[in-house]
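Hi,

Here is the structure I promised to pass on.

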Amino acid sequence: MRSQVDCLLTTAGLPLFLVDICLDVLAAVEFYREGSYLSLGVLLVLLIGSSVLVQLYSWLWYSYDHFEMKTRVEESAKPGLAVLHWVQLGIYVRHAAVMETSVKSCCSDCDSQEEDKTAFLNQDLSMLRIIETFSESAPQIVLMLAVLLQDGSLEPFQVLKTFGSLSAVAYCVTTYHRCIRSFLPEKEEQSVLSSLVFFAWNLLLLAARIVALALFASVFPCFIFTHFVCSWLLFCYFAWWADTNFMESVGGEWLYRATVGLIWYFDWFNVVDGKTRNRAILYHAWILLDISVLCGLWFWKMSWDPPGFELSRLQGAIVWGAVVAGYALGLGLRIVYYTCFHPKLNKQDLIGGGVTTQSDEVDSPAMFRSAPRTPSGPSRPPLHNKRMKKLAENFYSSSADGAQV
């Protein structure tokens, strides 16, 4: 029987998703009433583009699974599944399917096969939420905050609202992480305290990155698009260089690499097995430098041509330093998490022999997309799949370095 925390996080997904849609509609209406048609256009591009991207992933994964439906909800929707995805409603089928299996596994004593079915469905949905978060929610926060900074209307309520939006993004990353960890064989469950620490350092890193982008966009609204395109192309190149192997078709894999480039624009995301420490250090060093440069350009522009309100040089320097310090603090808390809270694994439980090690990171999507798609096993999906077995061997043999930086 699943823990009450995981059950709550899973069943809350659909209501929160519907609330997010209502808030998006209200934001679009507000832009229209104010006559901010450029901001409205950018918002609509984000909303439509994100929806199309998520529906495309959902459809591809159904096709990879040969349209094998695991719940009554999916079976009833199967005849019109293609139409539902075309009209951007396919994701609701997945939400309803996860809720169906979650309620069964949380409210009654179900067998291990039912629990594994819940895990499979929840993992796909968790990945789709990550894609939606970084293709819509995170860019939308940048847009909203940049508009507020340009208008000089950053009231305490607006600050609180922005903090809530940032928390929602960090919450999505945390639930994704819990989902991945729960799928590893013989792995102890992530405690509530561990989840809170994980949430805290993700919130700090995401907040610093998004605020820096919003500050830059508020004074250089045109150049933020240039910055995004150049950064995205660079990250796409590194995703290709990393030789990701997540999707089951060539076109799908290139789509995934493009999506990884988009996610990396905001946050670190592990995409391949093997050592991740050096990659993570390089990434965070680059983002920290980028944040410093973006805030520095904002400070320089604000010092002689403020868009909506004036700040003294001291106040501007404090904001600049606070954003950079926030990211550095998040990195420090990240190190604390992987040193003190990240559970240890016994390698011999997977491949026989070995020593107890602490894994680098447990957030690679290949871990669950490579797993057998037919639920089986007493408590976790077994590692009889050759590809998954190789991935597990590489993952645990590479984690002897200890805590991830």
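Let me start with the lining of the second largest pocket: by class it has 23 nonpolar, six polar and no charged residues. Here Ala, Val, Leu, Ile, Met, Phe, Trp, Tyr, Cys and Pro count as nonpolar, Asp, Glu, Lys and Arg as charged, and the others, Gly among them, as polar.

Some housekeeping before the rest. This is a predicted model, where local features need pLDDT of at least 70 and side-chain atom pairs count only at pLDDT 80 or more, while totals for chains, interfaces and linings use all residues. Residues are numbered from 1 along each chain as its sequence is written, and side-chain values use heavy atoms, with hydrogens and water left out.

Back to the pocket (on a 1 Å grid over the protein atoms alone, an open set of points where a 1.4 Å probe fits, with protein on both sides within 12 Å along at least five of seven lines; lining residues have an atom within 4 Å of a point). Of its 29 lining residues, Val 42, Leu 46, Pro 139, Phe 225 and Phe 228 are the closest to the centre. At least two lining residues each come from α3 (37-64), α7 (112-151), α9 (192-219), α10 and α11 (250-264), and α3 gives the most, with eight. Helices are DSSP runs (H or I, at least four residues), numbered from the N terminus.

Just after α3, His 66 takes a positive phi of about 60 degrees.

α10 (residues 223-241) also holds Cys 236, which is buried at a relative accessible area of 14% (buried is under 20%, with a 1.4 Å probe and protein chains only). Leaving aside neighbours within four places in sequence, Cys 236 is in contact with Arg 257, Ala 258 and Gly 261 (contact: heavy atoms within 4.5 Å).

Of its 76 residues, Phe 134, Tyr 256, Trp 264, Phe 266 and Phe 269 touch the most other members. The largest share of this core, 16 residues, comes from α9.

Cheers

Definitions and conventions
Buried means under 20% relative accessible area, exposed over 50%, partly exposed in between (1.4 Å probe, protein chains only). A nonpolar core is a set of buried Ala, Val, Leu, Ile, Met, Phe, Trp, Tyr and Cys residues joined through side-chain atoms within 4.5 Å.
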